[in-house]
Amino acid sequence: MRRHATLVLAGALVAACSSTTPCKVPHDCPAAQRCVNGGCADLDGTPGALGEACRTNADCGGGLTCSTVNQGYPGGFCSAACTATSTCASGACTPVGGAQLCTPSCTTDSACRQGYRCCLTLGDACVPIDACPPPACKLPVVDSTLPAAQVQKLGVKQVGTEVSFTVPPNTGSITIVHQAQIAALTVVYKNSIIDNSAVPLTITKPDGGLAYDDLDGGAGTIASPDGGTDPSGEYAYYGGGTPTTAAFTIPNTSASLAQGVAEGTWKFVVNDYANECTLVSGCTDGGTSTDQYEVSVLTRPVSSSANLAVSFYIVADMTNSTGSVLTASNAMADPYVQRFVSTFQTFLSRAGITATATFYDVSPNDRARFGTNISADVTGPCSELSQMFTLSSLNPGNTMNLFLVQSLRSASSGGTTVVGIDGTIPGPSSMNGTVSSGAVVSAADLFAGSLSSCGLNPNMAGCGPDRVAYIGAHETGHFLGLFHTTEEDGSIFDPLADTMKCACTTCASPTQRPNCGSTSVSSPSISADRCVSGSCGGGDNLMFWLLQAGVSLGNLSPEQGQVMRLNPLVQ
């Protein structure tokens, strides 16, 4: 899950004008007008009814206030705050983003103004189109469960807003979290539909220096002699793929590990790709500067302790080694599961982390829905993958959530089998229940083979439980902020200087090297066995892109361990 190119987009100005268009229903009129006496009319000072257009509170009738364009409501929206137990004078009390508002009831889109939809998933209410989740799509906004001293809740902010926060002394890491209140799901960039990822536009240190700029193309990135890029000199690095719920943790590069996180007042600009569509060129649909996010900052103190609570969700419908259905109550009594947990803990211990495991069941319906139906090719916030992660809301806490499924589907794996996928890099630590709150792991090999062939040390070639443990530890590394040391094509590397790299131009087979970086033919796929010695290394690293029996050992570098331990999930 990597950013291959900086999103470079441009805005356009859209002119608006008055109209005398005839109307029969609210949807006949532009968002900023009302249907009055059979014609679309501009606001004339007459107090508006529930759901009608407005610019200020004065444009709304008694008891109603104006949710404005700048808050994500096209043409403004006359409404009133409500609660689940209160009664709206008309319409219904509806969750819109993180707020509860009185909204007009409806049966079809024609009953709602332009820019609004009759939202089935919110109980047949007129809401902004971007605030209506698709059917069966939950986009929860979740509070952190960290101690209050480690959480700064900064409220709901519009993209483009600069926000300040305080980093106390002795802070090891900071994590900026965006959670969409009202935001588009996708944008169209260079004729491709991509997820509308949330990422700070800029992050500024207390001394005024720039910690990160999403539009600079990587100011600290340098070209490697092998033809790839080395981002280890950047203070902060972003890998892309973080729609709806996004975490950005510093430090995650060699430069920021060396410099640390300065105490004092930091600033960042709330942002997503839709906002960037209005700033630069290349975007043909989805650009808007009105998306709204609930933003917060997590600070993790420097600490000598490094404990990680891991929740394993049994989504797979499978039997254990005795032939019984695998459940949370019998899991830890099974010798194969014991081996799996022990090996998983061994891998995490190489980062200096002590992991504890708890198993949870999911409902029969969720097993049937998610157990074999997760696609590695569809990973947006409304995909089955992301919706499965919301099941972690059943067990709030600061936990690493790993979902064990029977298999993963992929039509584009190039002859390999996809065995694990993370929600985002890094994940939203301490916020169980979001669309990014975990990782999925194929448990197909959990009971494969004989334990007698496993041996004393992790054995990915001959021990099924060890292979599943490796997958789980690899995905945990992603959630804690690690990237692949070398990506499949051998041209993109992680932002850590002490991990071995395996560049295509050096390490691909002689017959394939001419294709390195080619845009006319497929780039070579760099397997782990090409990356085992000298200048071609890293195939034995836990975070290499491929698990290959006989080569993959699950090793970690000192800087990888530092990044993992400084994540707020580790306490």
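**Exercise 1.** Leaving aside its neighbours within four places in sequence, which residues is arginine 467 in contact with?

*Solution.* Residues are numbered from 1 along each chain as its sequence is written. The model is predicted, so local features need pLDDT of at least 70 and side-chain atom pairs count only at pLDDT 80 or more, while totals for chains, interfaces and linings use all residues; side-chain values use heavy atoms, with hydrogens and water left out.

Step 1. Contact means heavy atoms within 4.5 Å. With neighbours within four places in sequence set aside, the partners of arginine 467 are Asp445, Ala448, Met460, Ala461, Gly462 and Leu547.

Step 2. Arginine 467 lies in helix 6; helices (H or I, at least four residues) and strands (E, at least two) are DSSP runs, numbered from the N terminus.

Step 3. The relative accessible area of arginine 467 is 19%, so this residue is buried. The classes are buried under 20% relative accessible area, exposed over 50% and partly exposed in between, with a 1.4 Å probe and protein chains only.

**Exercise 2.** Describe the extent and surroundings of helix 6.

*Solution.* Step 1. Helix 6 covers residues 464–479, which is 16 residues. From first C-alpha to last it reaches 23 Å, close to the 22 Å expected at 1.5 Å a residue; the expected span is 1.5 Å times one less than the number of residues.

Step 1. Because 16 of the 16 residues of helix 6 are buried, the helix is largely enclosed by the rest of the structure.

Step 2. Just after helix 6, glycine 481 takes a positive phi of about 115 degrees.

Step 3. Helix 6 is also one of the elements against which the buried residues of helix 8 pack. Those residues are Glu559, Gln560, Gly561, Val563, Met564 and Leu566. The other elements are strand 11, helix 1 (254–259), strand 21 (292–301) and helix 3 (335–349).

**Exercise 3.** What radius of gyration does the protein chain have, and what would a compact globule with 571 residues have?

*Solution.* Step 1. The globule rule is 2.2 Å times the number of residues to the power 0.38, and the radius is taken over C-alpha atoms. For 571 residues a compact globule would have a value near 25 Å; the protein chain has 25 Å, which agrees.

Step 1. Along its principal axes the C-alpha trace spans about 80 × 55 × 50 Å.

Step 2. Of the 571 residues, 54% count as buried. Among contacts between residues at least 6 apart in sequence, 66% join residues at least 24 apart.

Step 3. The chain contains eight helices and 26 strands.
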